[in-house]
Amino acid sequence: FSCEWLAKYGGIFNIIFDTCHLVLIYYFLKYFQVDTFWILLYPISRFLISHEGRAATFNERSFGVFFGSLYLVCSFVFCETGDYLFLVLAAFSFFVFSISSKFAWQAVTFVMIFMCFALQSVMPIAVYCTSFIFSVFLSRGYALDVLKGLIRHSKFYASYLASRHYGLENNYKKIREISSFQSFIYELLNNRVFRSITDYPVMSFCIFILFSSNNYNLGHALVLFLLVIHLVFCTETFKFLGEAERYIEFCLPFVFLFVAKSSSTFNLTAVALIVAVYVVLFGFRYLKIVRDCRDTKARHDEYRAVVSYMSDIKQGLAVAVPFRLAYVVGLNLPAENKIQFLMNYTNAPPGQNLETLKEIMPHHYPFIDKDTDSIIRKFSIDFLLVDRQAVNFLHAKTGEYYQRFNKYPIVFETATLMVIDLTKWVYRGK
């Protein structure tokens, strides 16, 4: 598939793999001979659409979740039955996500450690190690490169990114700052602490079972484990481990099994009311996405206009503000265009890219230092691509003034984007 095709139609793969995930849950419930009615909660789960990138564009989230869940299900069944067919399926699914999804690596690892304690057996780790060796062998070492990348990214996230990314918020601080009913509703629907419930209807039933049961089993332990790691990973200290609610996605087959086994304790009227609430929440989120899609179309027109202008420029070193704008523009430039983007093709010495990144963006990621003059002169930047909308959002989010870039010669602009030609700029500093 071409990059253009994936950009336009890649979202269909998310639908395919989410459907596969639903089918996996269905047959998992059938395998244990429990009521499959509860899978109707899956299509109204906000996690499917709460992240626009997961819902609309080609990415690793949906197939990472499917193959990660498939691995966990097959590993569990193998540990319980000893059927080697499930070991083969586990090893295959491990191979797929190990070369394509860094988050699946860490989610599966945490769950397998839990499974060892819950089953009081070393068999889950034995399956994990066997699958790991199989994956490294079959990928000729590439799975190890992905794992090393995950470790490097986690270190980078913990030491630098977590305290500088303007989009990462202090979840518990936001809860403490609730001052009105309106802000309470906003945090309830958007704060990561609550998303284990708001994004997953099935989890509300799990919590009810957890706190109303007298006898506890493996299912109760799993739900408690998921809630604990969710609350812990929402803290400032551990948020480098990624979006806390995403770990629940990988365990949904077990979560649905837990609810299905305990469904006889529910009042049907209460179930209907809870489902109705989640249908409304899902509906409001979907309507927001539809509204945003209209804005997205206008934005795409602006991107195309910038790409068209930049296509006529034969070469030069550019920097995007914010950095992610470089991917949108750079991937759509014609092959003969020789424009390079800072940090995609950096002049930094080998092995120094991370240090250079920290130097270029010391305060807010993914925005270059507010002292842009020094960055421009040090790296001999020829062009600036600026997203005014993102800059204004940074001003609003941090309460700090960044800059407007008005002192530089603007050679092309749309409603929210502008291109600055620094070859026409004369530095007037000291």
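Where does Q120 lie? Q120 sits in the loop between helix 6 (102-119) and helix 7 (123-138), where helices (H or I, at least four residues) and strands (E, at least two) are DSSP runs numbered from the N terminus. This is a predicted model, in which local features need pLDDT of at least 70 and side-chain atom pairs count only at pLDDT 80 or more, while totals for chains, interfaces and linings use all residues. Residues are numbered from 1 along each chain as its sequence is written, and side-chain values use heavy atoms, with hydrogens and water left out.

**Backbone details in the loops**

- Q120 is not a glycine, yet its phi is positive, at about 55°.
- Q120 is also exposed, with a relative accessible area of 75%; buried means under 20% relative accessible area, exposed over 50%, and partly exposed in between (1.4 Å probe, protein chains only).
- S380, another residue other than glycine, has a positive phi near 55°.
- You can find S380 in the loop between helix 19 and strand 3, and S380 is partly exposed, with a relative accessible area of 48%.
- V321 and P322 are joined by a cis peptide bond, with omega about 0°.
- P322 belongs to the loop between strand 1 and helix 17.

**Aromatic rings**

- There are 33 aromatic pairs in the structure; rings of Phe, Tyr and Trp (its six-membered ring) pair if their centres lie within 6.5 Å, and planes under 30 degrees apart count as stacked, over 60 as edge-to-face and the rest as tilted.
- One of these pairs is F17 with F67, which is tilted because the ring planes are at 55°, with the centres 6.0 Å apart.
- This pair links distant parts of the chain, as F17 is in helix 2 (residues 11-31) and F67 is in helix 4 (residues 61-81), 50 residues apart.
- F17 and F67 are both buried.
- F28 and F254 have ring centres 5.3 Å apart and planes at 75°, so this pair is edge-to-face.
- The pair again links distant parts of the chain, with F28 in helix 2 and F254 in helix 15 (residues 252-261), 226 residues apart.
- F28 is buried at a relative accessible area of 3%, and F254 counts as buried at 10% relative accessibility.
- Ring pairs also join F28 and F254 into a cluster with Y31, F32, F76 and F86.

**Strands and how they pair**

- Strand 1 (residues 315-321) is largely enclosed by the rest of the structure, because six of its seven residues are buried.
- Strand 1 runs parallel to strand 2 (residues 338-341), and four bridges join them; two strands pair if DSSP finds at least two bridges between them.
- Within this pairing, Q315 stands opposite K338 in strand 2.
- Strand 1, helix 17 (residues 325-330) and strand 2 form a right-handed β-α-β unit; right-handed means that, with the strands pointing away from the viewer, the path from the first strand over the helix to the second runs clockwise.
- Strand 1 is also parallel to strand 3 (residues 383-387), again with four bridges, and V321 has V386 in strand 3 as its bridge partner.
- Five of the five residues of strand 3 are buried, so strand 3 is largely enclosed by the rest of the structure.
- F383, L385 and D387 point one way from strand 3, while L384 and V386 point the other way.
- Strand 3 runs antiparallel to strand 5 (residues 417-421), with five bridges between them, and L384 stands opposite I420 in strand 5.

**Nonpolar cores and contacts**

- The largest nonpolar core has 87 residues, and W38, Y71, L72, V202, M203, L252 and F256 touch the most other members. Such a core is a set of buried Ala, Val, Leu, Ile, Met, Phe, Trp, Tyr and Cys residues joined through side-chain atoms within 4.5 Å.
- Helix 4 gives the most to this core, with 13 residues.
- Leaving aside neighbours within four places in sequence, M203 is in contact (heavy atoms within 4.5 Å) with S196, V223, L227, I248 and V255.
- A second, separate core of 32 residues includes Y160, V319, L342 and A390.
- T372, in helix 19 (residues 372-379), is buried, with a relative accessible area of 1%.
- Not counting residues up to four places away in sequence, T372 touches Q403, F405 and Y408.
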